[in-house]
Amino acid sequence: MASVSFKNVSKKFGEFVAIMDFNLEIRDKEFLVLLGPSGCGKTTTMRMVAGLEEATSGDIYIDADRINGVLPKYRDVAMVFQSYALYPHLTVEQNIGYPLKIRKVPPAESKQRIVEVARRVELDSLLNRLPKELSGGQRQRVALARAIVRTPRVFLMDEPLSNLDAKLRTQMRSELKHLQHELKVTTIYVTHDQIEAMTLADRVAVMNKGVIEQLGTPREIYNDPRTLFVAGFMGSPSMNLIPGEVRDGVFASAGLRVGGLGRVSISRAVLGIRPEDVHAARVDDPDVNLVAPIYSVELTGDSTLVSLRLGAQLVTLRGDKNFAGQIDQRIGVKVAADRVFLFDGETQARVD
Ligand code: ATP
């Protein structure tokens, strides 16, 4: 059993508040992803659990144990850093086996365990190399293997896949997910990559400027974003966020009109609509919400991303892979009204 709780935790660096009144309960065996832009406080949050940084105020618990002030080595957490922090004079095998050595695991058992994790992260042919003889991606995998070679109470992973190429990253992502399922160790995982967050997390905490903007399952965050920030952060390509005005339930911005939004009127509104919920239509279709010129057409393989000019901004739709429109051609657009999100431009909050 290992839950991790933050209770009213704040962290200041001098006058700068990096984490503000942070409350979060990570459940036993949960894969919790901290997601947010650079500088929002993800790493600081992790470092406080690892004991590499002390909270300025508030309490952190692993299960019922308050861990503030407890030395890192007594916390029983394994951390993978963004910078690999390998021992330069030890081989890959010795680096991976280090946590077992200091716990005095018998050599035969240790060897078996090292070979097994090395195979999982595709390092089994490099066990005798030194870190300086490895690529960045290989070093990152050694750091990962060193963390998973034993079963701690909590895994802390800070962008552990950031230096891998796209193919290996996808492969390692699924390996990590499987491993966590198998080992059932509570995991806190930091990333600014929302695809990683979506695919790995049981729950995601979306962070912004030292606070949690929203906490929920990937599906909840994606389908029910509560703020403009969360709406813009989750989804690739990101949600169209179009400033405009709502009068009696009709949103208007440049040539775009979307009705059926209830009885609301908001003078500074933002309409959010995902590219997959915007559809190309004929210009003369009576139900179009917009007629606009094409700005760009990008084939992604299984679909086509089409951007249209709307006043000073672009609106993107995800079209069929056989989409045939050309730049500057005017096309009609239909918006799925039941898939629209409305935000108050002043408070940045969702309007239901
Ligand atoms: P990234 O994705 O870039 O790693 P992050 O979300 O992990 O970012 P943190 O490293 O937690 O962000 O940093 C949060 C804020 O605290 C940043 O503004 C950073 O500049 C500041 N900060 C972090 N460590 C220190 C420190 N030792 N002294 C002063 N400020 C710091």
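1. Val 33 stands opposite Val 204 in strand 9. Strand 3 (residues 31-35) and strand 9 (residues 203-208) pair in the parallel sense, over four bridges. Strands pair here if DSSP finds at least two bridges between them. Helices (H or I, at least four residues) and strands (E, at least two) are DSSP runs, numbered from the N terminus.

2. On the source: this is a predicted model, in which local features need pLDDT of at least 70, side-chain atom pairs count only at pLDDT 80 or more, and totals for chains, interfaces and linings use all residues. Residues are numbered from 1 along each chain as its sequence is written.

3. Strand 9 also pairs with strand 10 (residues 211-216), in the antiparallel sense over five bridges. Ala 205 faces Leu 215 of strand 10. The hairpin of these two strands has two residues between them. Lys 209 in this hairpin takes a positive phi near 50°.

4. Overall, the chain has eight helices and 20 strands. Its C-alpha trace spans about 75 × 45 × 35 Å along the principal axes. Contacts are pairs of residues with C-beta atoms, placed from the backbone, within 7 Å. Among those between residues at least 6 apart in sequence, 63% join residues at least 24 apart.

5. There are two domains, domain 1 (4-232) and domain 2 (239-344). The bounds come from an automatic or database domain assignment. The C-alpha centres of the two domains lie 39 Å apart. Four residues of domain 1 are in contact with six of domain 2. On the domain 1 side, the touching residues are three nonpolar, one polar and no charged. Ala, Val, Leu, Ile, Met, Phe, Trp, Tyr, Cys and Pro count as nonpolar; Asp, Glu, Lys and Arg as charged; the others, Gly among them, as polar.

6. Buried residues make up 38% of the 352 in the chain. A residue is buried if 20 or more other C-beta atoms, placed from the backbone, lie within 10 Å of its own. The largest nonpolar core has 94 residues. Such a core is a set of buried Ala, Val, Leu, Ile, Met, Phe, Trp, Tyr and Cys residues joined through C-beta atoms within 7 Å. Ala 145, Val 154, Ile 188 and Val 333 touch the most other members. Helix 4 (residues 136-148) gives the largest share, six residues.

7. Val 154 deserves a look. Leaving out residues up to four places away in sequence, its contacts include Ala 2, Val 49, Ile 62 and Ile 188.

8. The ligand shell includes Phe 13, Phe 16, Gly 41, Lys 42, Thr 43, Thr 44 and His 192. Strand 2 (16-26) and helix 1 (42-50) each give two or more residues. Helix 1 gives the largest share, three. By class, the shell has four nonpolar, seven polar and one charged.

9. Within helix 1, the buried residues are Lys 42, Thr 43, Thr 45, Met 46, Met 48 and Val 49. Gly 51 follows the helix, with a positive phi near 90°.

10. Four strands form an open, antiparallel sheet in the order 2-1-4-5. Strand 2 and strand 5 (65-66) stand at the edges with a single partner strand each, so one side of each lacks a neighbour in the sheet. Seven bridges join strand 1 (residues 4-13) to strand 2. In strand 2, Ile 19 is the bridge partner of Lys 11.

Methods. Near = placed C-beta within 6 Å. Buried ≥ 20, exposed ≤ 12 C-beta atoms within 10 Å, placed from the backbone. Contact = placed C-beta atoms within 7 Å.
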